[in-house]
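Dear colleague,

Please find the structure below for your records. My notes on its aromatic contacts and backbone geometry follow.

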Amino acid sequence: MSAQPEHYIITQGGAACPVIIHVPHSSREIPEEVAADFVATDAQLAQELDRVTDDGTLELATAAREQSGVDAWMIVNNLSRLVADPGRFSNERDSMDASGRGAVYMKLGDGNLLRPAGFDTTELRAKYYEPYAEAVTELTRGRLDALDGAVIVDVHSYSNQPDEYQIHPGTLLPDICIGTHSIHTPALLADVTDREFTAAGFNVERNTPFTGVYIPVEFTQNMKVLGVMIEVRKDILSGERAADVAAALAKVIRHAEEIAQSEVGRPL
């Protein structure tokens, strides 16, 4: 695997392990030369960082990996998604760029400008977005080449903002959201994930408020690449039950390894 730039880090896992833990949005770090191009005020930036940062997910993923006993691979984005958002895909470019929230954000979540109108995003894409996307692709390809299978456990968190999401107005969003994909998430993987978090006492919903799972574009039709997204409400990760979340996620990681290596986790 090629040398890693400073904006992401890969923790090497076991040669026989198909699990890749993906932590793309945990950082608030913005290089000075990137921030120099922002037109948003400091107050707007602070609010936006609170909005888009998946607080607590690096600590969660690290603890769960250690507790799982699985020698999983892990890739972590060390920069804020306000630099470039690895959750955006090249095949969604036109629709997301039109909204100002593509691989490189032009607008804040409230519609105000983050970067000046007409800003050329080419350099930021080349420096930050494309190398990260290729790193996840290469990591996945390595598991496929070695084991004929891979499973991505995509770790995120979200604020309780029902008015913004327009889901369950006036009530708490679920403790845990499980994101699934019709091709890449076998029913067994979704079910055991749901079961482990429910058994730990959490309120679990699927694909609410977010749906899907990160799968590199190259493998979007490859059923040997499995995935499940774990979204946790931020107040839980900052509270007394954070350890319970990590323990449940550790069990999910163990299940994911077993499923990816079994016939039930492979295409018919």
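Is Asn-207 buried, partly exposed or exposed? With a relative accessible area of 28%, Asn-207 is partly exposed, because buried means under 20% relative accessible area, exposed means over 50%, and partly exposed lies in between (1.4 Å probe, protein chains only).

As to provenance, this is a predicted model, in which local features need pLDDT of at least 70 and side-chain atom pairs count only at pLDDT 80 or more, while totals for chains, interfaces and linings use all residues. Residues are numbered from 1 along each chain as its sequence is written, and side-chain values use heavy atoms, with hydrogens and water left out.

Backbone geometry

Asn-207 is placed in the loop between β6 and β7; helices (H or I, at least four residues) and strands (E, at least two) are DSSP runs, numbered from the N terminus. Although not a glycine, Asn-207 has a positive phi of about 55°. The loop between β6 and β7 also holds Pro-209, which a cis peptide bond joins to Thr-208, with omega about 10°. Asp-148, in the loop between α5 and β4, likewise is not a glycine and has a positive phi, of about 65°. Asp-148 is partly exposed, at 36% relative accessible area.

Aromatic pairs

A search of the whole structure gives 3 aromatic pairs. Rings of Phe, Tyr and Trp (its six-membered ring) pair if their centres lie within 6.5 Å; planes under 30 degrees apart count as stacked, over 60 as edge-to-face and the rest as tilted. One of the pairs is Tyr-8 with Tyr-132: the ring centres are 5.8 Å apart and the planes stand at 85°, so the pair is edge-to-face. This pair links strand β1 (residues 8-11) to helix α5 (residues 122-147) across 124 residues, and both Tyr-8 and Tyr-132 are buried.

Tyr-158 and Phe-210 also form an edge-to-face pair, with 6.0 Å between centres and 65° between planes. Tyr-158 belongs to strand β4 (residues 150-158), and Phe-210, 52 residues away, to the loop between β6 (204-206) and β7 (225-233). Tyr-158 is buried at 2% relative accessible area, whereas Phe-210 is partly exposed at 27%.

Charges over rings

The charged end of Arg-101 sits over the ring of Tyr-105, 4.1 Å from its centre; the criterion is NZ of Lys or CZ of Arg within 6 Å of the ring centre and within 35 degrees of the ring normal. Arg-241 lies over the face of Phe-202, at 4.1 Å from the ring centre.

Yours sincerely
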